[in-house]
Amino acid sequence: LLKERERLKMSNEEGTLSEEIGILASVDEENWRKQGDRIRKQLAIGDLSRFAKANSRSLQRKIDEPLVFIVRHKFGRTDGYETNWLLPQVQHETGETLKQTAERCLKTVISNEVEVEGLSNAPFSVYSYNYPSRLRELLKTQSRSAVVFFFKALLTSRTSPMVNRKEVSDYKWVSVDEFAAEIRHKSAYARALSTLFPSYSSSKSGRINDIEKIIKMKRKAVPEKMQASA
């Protein structure tokens, strides 16, 4: 083709050859694109759903999205009681820092050894609530309310956490959409955790943002007990 171009250049017909070369290149490019599409489809390149698991307790589910660990607490009771879905939490003990309480929370809820990296020395959010009268009777406390401090932590090992069945009746890993659906019963709780997921995830789903819009601020009693959640 180069020799032909040189010959045509001498006869002022180079433009015709350039057009022919361009056509040949575009044909090759189209063939390569089709071959690439076939290989991607055959090997499932970029299709993470083929490797994901449907089990909500598996870390291999929704592997292209951030997941959060939520539980149903027993709080030491043996009468079949379990909480709604929420983040793991334990009661703060005298002499502990809030971060130490959060670290103890993980050790209390998770029974096996896993590698976890705390993302901050300070809580990223706070939530307070009033005790129902029945709960106050069960807890045998004069406190009328509690406040929960939330800490973020990242699971850095591939070992799947195993829960302490004395403390937790059930657990699962949830995406931002699933998280918003599970905690819809507590709009104030949802608002406190609206920054738990990366901002792009919240914007993408819009569900946590929608929950925030319907929240009405309510007057709360001064909290007398503290808890930490991780």
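Seven aromatic pairs occur in this structure, a pair being two rings of Phe, Tyr or Trp (its six-membered ring) whose centres lie within 6.5 Å, with planes under 30 degrees apart counted as stacked, over 60 as edge-to-face and the rest as tilted. The model is predicted, so local features need pLDDT of at least 70 and side-chain atom pairs count only at pLDDT 80 or more, whereas totals for chains, interfaces and linings use all residues. Residues are numbered from 1 along each chain as its sequence is written, and side-chain values use heavy atoms, with hydrogens and water left out.

**Aromatic pairs**
- The ring centres of Y127 and Y189 are 5.1 Å apart and their planes stand at 90°, which makes the pair edge-to-face.
- This pair links distant parts of the chain, since Y127 belongs to strand β4 and Y189 to helix α6, 62 residues apart (DSSP runs: helices are H or I of at least four residues, strands E of at least two, numbered from the N terminus).
- F150 and Y189 also pair edge-to-face, at 5.7 Å centre to centre and 80° between the planes; because F150 lies in strand β5 and Y189 in helix α6, parts 39 residues apart in sequence are tied together.

**Cluster and charge**
- One aromatic cluster is formed by F124, Y127, Y129, Y131, F150 and Y189.
- K152 lies over the face of F124, 5.1 Å from the ring centre (the criterion is NZ of Lys or CZ of Arg within 6 Å of the centre and within 35 degrees of the ring normal).

**Burial and core**
- Y127 and Y189 are both buried, as is F150, buried meaning under 20% relative accessible area with a 1.4 Å probe and protein chains only.

Notes
Buried < 20%, exposed > 50% of the residue type's maximum accessible area, 1.4 Å probe, protein only.
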